[in-house]
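User: Hey, can you walk me through this structure? I'd like to start with what touches what.

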Amino acid sequence: MTHMIYLAAGASRRFGADKLLAEYNGKPLFLHGLQTLAAACAGRTDARLWVVTNTPAIAGAARTLGAGAVPSPHSEQGQSYSIRAGLDAAAPLEAGDFLLFAVADQPRLRPQTVGRFLDLAVPGTWAATAVCGDRVGNPGLFCAALAPELRALQGDRGGRAVLNRRPDRLLRVPCAPEELQDIDTPADLP
């Protein structure tokens, strides 16, 4: 089973308001990635979508699309708390399971890219990351054996800290440059 965990509980400090509810190309920012992940998960028996959020509108949209809504009451203390909330929702993990973490402020993630990650969730895969040239970013795929390392993250550290420990085992999933662009400030909106 691949547990797709959509991180949508950030504090939006640089944005000045809850950026995930800001309009982006006609709908809330969070909904772009959520719909992409839900579409990739639809009809599959080997994937499950979890949305980590403290926002009722996001939780409601997640449930409408068939995803599990997971609260992260301590997410304001950093991304590691949201990661742990997602891990708790996916537990218990089996040896052959995978975790795919995606972030809600990257609205241009393509379904084909998500599909490439899902195709890599097979025995022998350690982890994978999205890349465009020399630039790396989200999503990130982790085998179940890495769950303890993800759980041990502290503060605002994300899964990149785990991936960087073994770059020789890290698979690279090519994507378009715009897929790695995230919305951090109002100036980033179209």
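Analyst: Contact means heavy atoms within 4.5 Å, and helices (H or I, at least four residues) and strands (E, at least two) are DSSP runs, numbered from the N terminus. This is a predicted model, where local features need pLDDT of at least 70, side-chain atom pairs count only at pLDDT 80 or more, and totals for chains, interfaces and linings use all residues. Residues are numbered from 1 along each chain as its sequence is written, and side-chain values use heavy atoms, with hydrogens and water left out.

User: OK, which residues in helix 1 and helix 4 meet?

Analyst: From helix 1, Thr 36, Leu 37 and Ala 40 meet Pro 111, Val 114 and Leu 118 of helix 4.

User: New topic: how many aromatic pairs are there?

Analyst: The whole structure has 1. Rings of Phe, Tyr and Trp (its six-membered ring) pair if their centres lie within 6.5 Å; planes under 30 degrees apart count as stacked, over 60 as edge-to-face and the rest as tilted. Phe 101 and Phe 142 are edge-to-face, 5.8 Å centre to centre with 80° between the planes. Phe 101 is in strand 6 and Phe 142 in strand 8, so the pair ties together parts 41 residues apart in sequence.

User: Are those two buried or exposed?

Analyst: Both Phe 101 and Phe 142 are buried (under 20% relative accessible area; exposed is over 50%, partly exposed in between, with a 1.4 Å probe and protein chains only).

User: And where does Trp 126 lie?

Analyst: Trp 126 is in the loop between helix 4 and strand 7. Its relative accessible area is 8%, so Trp 126 is buried. Beyond its neighbours within four places in sequence, Trp 126 contacts residues including Phe 142 and Arg 166.
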